[in-house]
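Work through the exercises below with the model open. Try each task before reading its solution.

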Amino acid sequence: MAPSGEPSGGTVHVNPYRLVGQVAEGDRFIGRAHLLRRVRATWAEPGRPANLRVLGHHRVGKTSLVRRALGTAADRPDLTAVVINVGTCASGDDMFRSMVRSVMEQLEDAPGVDGALAAIGSGVQMADGWYDLKEGVRAFFKAVRKAGRHVLLVLDEFDRAAGVAKPPDFQLLRDLASEPEFPLGLITISRRPIEVIESAEAASQAGSILGAVVINPLYVGMFTDEEADLMLARAASAGIGLASVRDEIVDRTGLHPFLLELMCNRVVQAYAETGKVDVAACYESEAIEFHAQFDRLIGNIDADTGGNGSALLRRIAAGAPGIQPSADLSRLIQMGVVSRTPEGGLSLFSREFGRHVLTLGEG
Ligand SMILES: Nc1ncnc2c1ncn2[C@@H]1O[C@H](COP(=O)(O)OP(=O)(O)O)[C@@H](O)[C@H]1O
Ligand SMILES: [Mg+2]
């Protein structure tokens, strides 16, 4: 009988992938050097930080990337960085209140910050009525600027703003992120473009409010080959080498950060139980999770393309010739779901995803 949990001579190894699904931090965070530089560039120069929209599909590593980059924001003593998860805000008012509260918490003991700022901050918390709140927020950030401070505001899960923020909220965000009297730079993190998120709520005749000032996009997509190697190499700490089964793993997961870690986690767990590395069996046991991920991705792509996406995915999966350039195709490429092959063809990020896409076509 295999000694369970300790196949390699009595040492109990901790599964290095056990935190899969959680924000990747510390030693768990892999690569992304180029993307990290782009995020950090928003506050690299003295003065007010620049705005940035971080875009990518579910679980490709957007939150991990931005939080990792923020680790060096402390290098600028004048900069206060706050992250607000819009998904936890019940309303636009709520979003502005937590913004002010988070900034205030960090500024409490900062040099040059006095009681006046705290008073404006608590005024915002108690304001009732949109007008008082809005004026309070404006006064607060103006006072922050007077105190010689800059603010980097990260709005994570910004897709959720569609159900939370109203047109005047987008307008206030726009003012904060663009008018010269405010010391603030804004990073939004979402799957959909800001314009789409806004119009879901605004039906705005005036076009995009916030999107027009948070212009620069940063696409977060799949890992590079080297980053995938680093992910697989972590298995060494559990006494396992995954290099020989790399192709079998990547055939299912592609270079998708979450799916890679999910698969590695399962393989290491199965190894602890059986002493064997069997990727096919591991895929079987994670198939429900994989299919759920694939279906969610397809559903989101359909939502983003007015329903045309899955037909396009099917044609790519089937290797159909003569697929014409289109906005939908460009976006799939930008988001890392589709890539160009060296021969000039198109391929989906994982072969298993392609097989899944084709089975849906039959139904
Ligand atoms: N840079 C990274 N290094 C290691 N794992 C990562 C990285 N980025 C993403 N992952 C994997 O993807 C999962 C989802 O990451 P997360 O940042 O929450 O994605 P998103 O915010 O895009 O939904 C993580 O739990 C981890 O398994
Ligand atoms: Mg996230």
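Domain bounds here come from an automatic or database domain assignment. The model is predicted: local features need pLDDT of at least 70, side-chain atom pairs count only at pLDDT 80 or more, and totals for chains, interfaces and linings use all residues. Residues are numbered from 1 along each chain as its sequence is written, while chains are lettered from A and ligands numbered from 1 in the order in which they are written.

**Exercise 1. The chain and its domains**

Solution. 
- Start with the secondary structure. The chain has 15 helices and seven strands. These are DSSP runs, numbered from the N terminus: helices are H or I with at least four residues, strands E with at least two.
- Take the extents. The C-alpha trace spans about 70 × 55 × 35 Å along its principal axes.
- Define contact: two C-beta atoms, placed from the backbone, within 7 Å.
- Count across the boundary. Nine residues of domain 1 are in contact with eleven of domain 2. On the domain 1 side, two are nonpolar, four polar and three charged. Ala, Val, Leu, Ile, Met, Phe, Trp, Tyr, Cys and Pro count as nonpolar, Asp, Glu, Lys and Arg as charged, and the others, Gly among them, as polar.

**Exercise 2. The core**

Which residues touch the most other members of the largest nonpolar core?

Solution. 
- Define burial: 20 or more other C-beta atoms within 10 Å of a residue's own, with 12 or fewer for exposed and partly exposed in between. Buried residues make up 39% of the 363 in the chain.
- Define the core: buried Ala, Val, Leu, Ile, Met, Phe, Trp, Tyr and Cys residues joined through C-beta atoms within 7 Å.
- Among the 95 residues, Val154, Cys264 and Val268 touch the most others. Helix 11 (residues 257–274) gives the largest share, nine residues. Domain 1 and domain 2 each supply at least three.
- Inspect Val268. Leaving out residues up to four places away in sequence, Val268 touches Asn15, Tyr17, Ala235, Ala238 and Ile240.

**Exercise 3. The ligand shell**

Which residues are closest to ligand 1, and which elements contribute two or more?

Solution. 
- Set the cut-off: a residue is near if its C-beta atom, placed from the backbone, lies within 6 Å.
- List the shell. It holds 21 residues, the closest being Gly61, Lys62, Thr63, Ser64 and Pro257.
- Helix 2 (62–70) and helix 11 each give two or more.
- Sort by class. Eight are nonpolar, eight polar and five charged.
- Check the domains. Domain 1 and domain 2 each give the shell at least three residues.
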